[in-house]
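Visitor: I am new to this structure and would be grateful for a close look at a single chain of it. Please describe how that chain is built and how it meets its partner.

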Amino acid sequence: MILAIISKVLLAAGCGFLIVGSLGVNRFPDFYSRTHAATKPDTMGLILSMLGLALYDGINLNSAKLLLIVIFVAIGNPAATHALGWAALSSRLMPWFRKGREPR
Amino acid sequence: MASPSTTSSARSGTPATLLLIVFLAVLWIVFSGKLDPIHLGYGVLSIALVVIMSRSLIGSRSDPLLNEVLARIHWGRALVYPFWLFGQIALANLAVARLVLLPSMPIDPVLLRFKTGMKSPLAKVTLGNSITLTPGTVTLRIKDDEFLVHAIHEDLAAGLIDGSMQRKVAGVFGETEHETIECELIRDAETVRREEGW
């Protein structure tokens with residue numbers, strides 16, 4: 001019972017982060033900042049959702065499998081994000097900076 | 001703070017291949033959940049295949065440094081580190097969510113350029129991945145000992161500017177010279193053009 005409630009709270013929070021991430025992709029001004037919005041809240045949303053699902057049926061072998069997904073995403077996601085950022089930098093894409101910043 | 005386990009494993013050297021086999025075996029059993037000879041046999045075959053294919057990556061022949069690096073890892077800290085990192089990720093996620101949801105969207109992107117004294121590639125990759133995993137900061141480039149990081153706001157990179165994340169990673173890998181050297185903040189296109197030579 002308590003486990004089911006925790007599971008639902010985790011799932012709801014995970015969905016919340018996924019929605020925030022999608023909003024951020026739309027609102028942020030340039031590629032680099034959108035990379036942040038597209039990848040980070042997603043990782044968090046996925047981790048929370050997977051934890052929620054792992055607890056949904058009680059703790060069993062499937063929970064371990066779901067936790068392994070979390071670990072793989074935690075290793076794979078930053079690698080992919082870095083690849084995106086590095087590709088953008090290599091093709092000389094200028095990051096957006098807030099106006100009014102003076103060159104030093 | 002050298003623990004007894006660090007010194008004993010440094011003497012024999014942690015066999016990377018054995019670690020890989022144990023890891024894969026646990027993984028196989030968790031995923032398959034079946035313990036009959038047929039399924040375990042498939043597992044042994046698969047593990048052998050993976051070990052053979054990744055021989056050049058993890059074998060001591062192509063990278064004699066790896067075993068040395070593994071021997072210096074502080075395993076106690078390595079176990080605690082993911083939990084610390086998860087806490088950081090959760091906190092930073094809330095900060096990014098706030099930036100996204102505020103109507104004024106007060107983002108102020110900044111490029112950070114800093115050098116690290118860490119020597120082992122594994123430690124640098126771990127630091128780079130941790131930076132990217134923490135919302136608000138993405139590792140754009142690691143060249144030799146120089147990191148280039150894009151942060152969506154200076155506050156979200158505080159742990160990098162004061163070097164606390166570098167210290168954590170250095171602690172896990174038993175690196176002694178981890179001081180962040182000359183962390184530079186770039187906030188305008190002119191400086192980027194000048195320093196990158198675009």
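Guide: Within chain A, the highest mean pLDDT among the elements, 92, belongs to helix α1 (residues 2-27), and the lowest, 88, to helix α3 (residues 61-90). Here pLDDT is the predictor's confidence in each residue, from 0 to 100, while helices (H or I, at least four residues) and strands (E, at least two) are DSSP runs numbered from the N terminus. Over chain A the mean pLDDT is 87, and 95% of the residues reach 70 or more.

This is a predicted model, in which local features need pLDDT of at least 70, side-chain atom pairs count only at pLDDT 80 or more, and totals for chains, interfaces and linings use all residues. Residues are numbered from 1 along each chain as its sequence is written, and chains are lettered from A and ligands numbered from 1 in the order in which they are written.

Chain A contains three helices and zero strands, in the order α-α-α from the N terminus on. Its radius of gyration is 18 Å, well over the 13 Å that the globule rule gives for 104 residues, so chain A is more spread out than a compact globule. (The radius is taken over C-alpha atoms, and the rule is 2.2 Å times the number of residues to the power 0.38.) The C-alpha trace of chain A spans about 60 × 25 × 20 Å along its principal axes. Of the 104 residues in chain A, 33% are buried; a residue is buried if 20 or more other C-beta atoms lie within 10 Å of its own, exposed if 12 or fewer, and partly exposed in between, with C-beta atoms placed from the backbone.

Two residues are in contact if their C-beta atoms, placed from the backbone, lie within 7 Å. Among the contacts in chain A with a separation of 6 or more, 67% join residues 24 or more positions apart.

The contact between the chains takes 37 residues from chain A and 34 residues from chain B. On the side of chain A that touches chain B, the elements giving two or more residues are α1, α2 (31-56) and α3. The largest share, twelve residues, comes from α3(A). By type, this side of chain A divides into 21 nonpolar, eight polar and eight charged residues. In this division Ala, Val, Leu, Ile, Met, Phe, Trp, Tyr, Cys and Pro count as nonpolar, Asp, Glu, Lys and Arg as charged, and the others, Gly among them, as polar.

In soluble globular proteins, nonpolar side chains tend to be buried together. A nonpolar core is a set of buried Ala, Val, Leu, Ile, Met, Phe, Trp, Tyr and Cys residues joined through C-beta atoms within 7 Å. The largest such core here has 45 residues, and those with the most contacts inside it are A:Leu51, B:Leu112, B:Val149, B:Ala151 and B:Val169. The most, eight residues, come from α2(A).

On the partner's side, B:Val149 is in contact with B:Leu112, B:Ile131 and B:Leu160, among others, leaving aside its neighbours within four places in sequence. Helix α7 (residues 121-133) of chain B is mostly covered, with ten of its 13 residues buried; B:Ile131 is one of them.
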